[in-house]
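Open the model in your viewer and keep the selection panel at hand. The stops below say what to select and what is there.

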Amino acid sequence: ARYIGSLVGDFHRTILYGGIYGYPGDAKNPNGKLRLLYECAPMSFIAEQAGGAGSDGKGRILDIMPTKVHQRVPFFTGSVGEVEYLESFM
């Protein structure tokens, strides 16, 4: 497993070589650190256009209606099968 530490770099590697990218929530940040409107939603859109999926661990990122401009959400993206498999454990 590789982790570069930047969303775009890690996402690019996931698109090229497969796998899943995840940035879950934790005890300190239960909603994760990535922002819905300008990090998670655009990457989910790109993933879906490429035949993949984007999820918050419960459902599709693009189905989330934002309540705040800087709303944060957990984020997982990759192939449809990998994301569905991950959601089965959440």
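Rings of Phe, Tyr and Trp (its six-membered ring) count as a pair if their centres lie within 6.5 Å. By that criterion, a search of the whole structure, which is a predicted model, finds two aromatic pairs.

**Stop 1: the tilted pair.** Select Tyr21 and Phe75. Their ring centres are 6.1 Å apart and their planes meet at 55°, so the pair is tilted. Because Tyr21 belongs to strand E1 (residues 20-23) and Phe75 to strand E3, the pair ties together parts that are 54 residues apart in sequence. Are these two residues buried or exposed? Tyr21 is buried, and Phe75 is buried too.

**Stop 2: the edge-to-face pair.** Now select Tyr85 and Phe89. Here the centres are 5.0 Å apart and the planes stand at 80°, an edge-to-face arrangement. Tyr85 and Phe89 are both exposed.

**Stop 3: the sheet.** Show the strands as a cartoon. Three of them form an open sheet, with antiparallel pairing, in the order E1-E3-E2. E1 and E2 are the edge strands, each pairing on one side only. From one strand to the next, the twist averages 5°. Between E1 and E3 the antiparallel pairing runs over four bridges. Select Gly22 to find Phe76 of E3 standing opposite.

**Stop 4: the buried side of H2.** Which residues of helix H2 (residues 36-49) are buried? They are Leu36, Glu39, Cys40, Ala41, Met43, Ser44 and Ala47. These residues lie on the same side of H2, because they cover an arc of only 165° around the axis. An α-helix has 3.6 residues a turn, so residues three or four places apart point the same way. To see what covers the buried residues of H2, select among others helix H1 (7-17), strand E2 (52-55) and strand E3 (75-79). After H2 comes Gly51, with a positive phi near 95°.

**Stop 5: confidence.** Finally, colour by pLDDT. The protein averages 91, and 94% of the residues score at least 70. Among its elements, E2 has the highest mean pLDDT (95) and H1 the lowest (88). Where pLDDT is low, the predicted coordinates should not be read in detail.

Note on methods:
Residues numbered from 1 in each chain as written. Predicted model: local features only at pLDDT ≥ 70, side-chain atom pairs only at ≥ 80, totals over all residues. Heavy atoms only, no water. Buried < 20%, exposed > 50% of the residue type's maximum accessible area, 1.4 Å probe, protein only. Helix = DSSP H or I, 4+ residues; strand = E, 2+ residues; numbered from the N terminus. Arc of directions from axis to C-beta. Contact = heavy atoms within 4.5 Å. pLDDT = per-residue confidence, 0-100. Phe/Tyr/Trp six-rings, centres within 6.5 Å; stacked < 30°, edge-to-face > 60°. Pairing = 2+ DSSP bridges. Axes fitted to C-alpha atoms, helices over the stretch in contact; angles between N-to-C directions.
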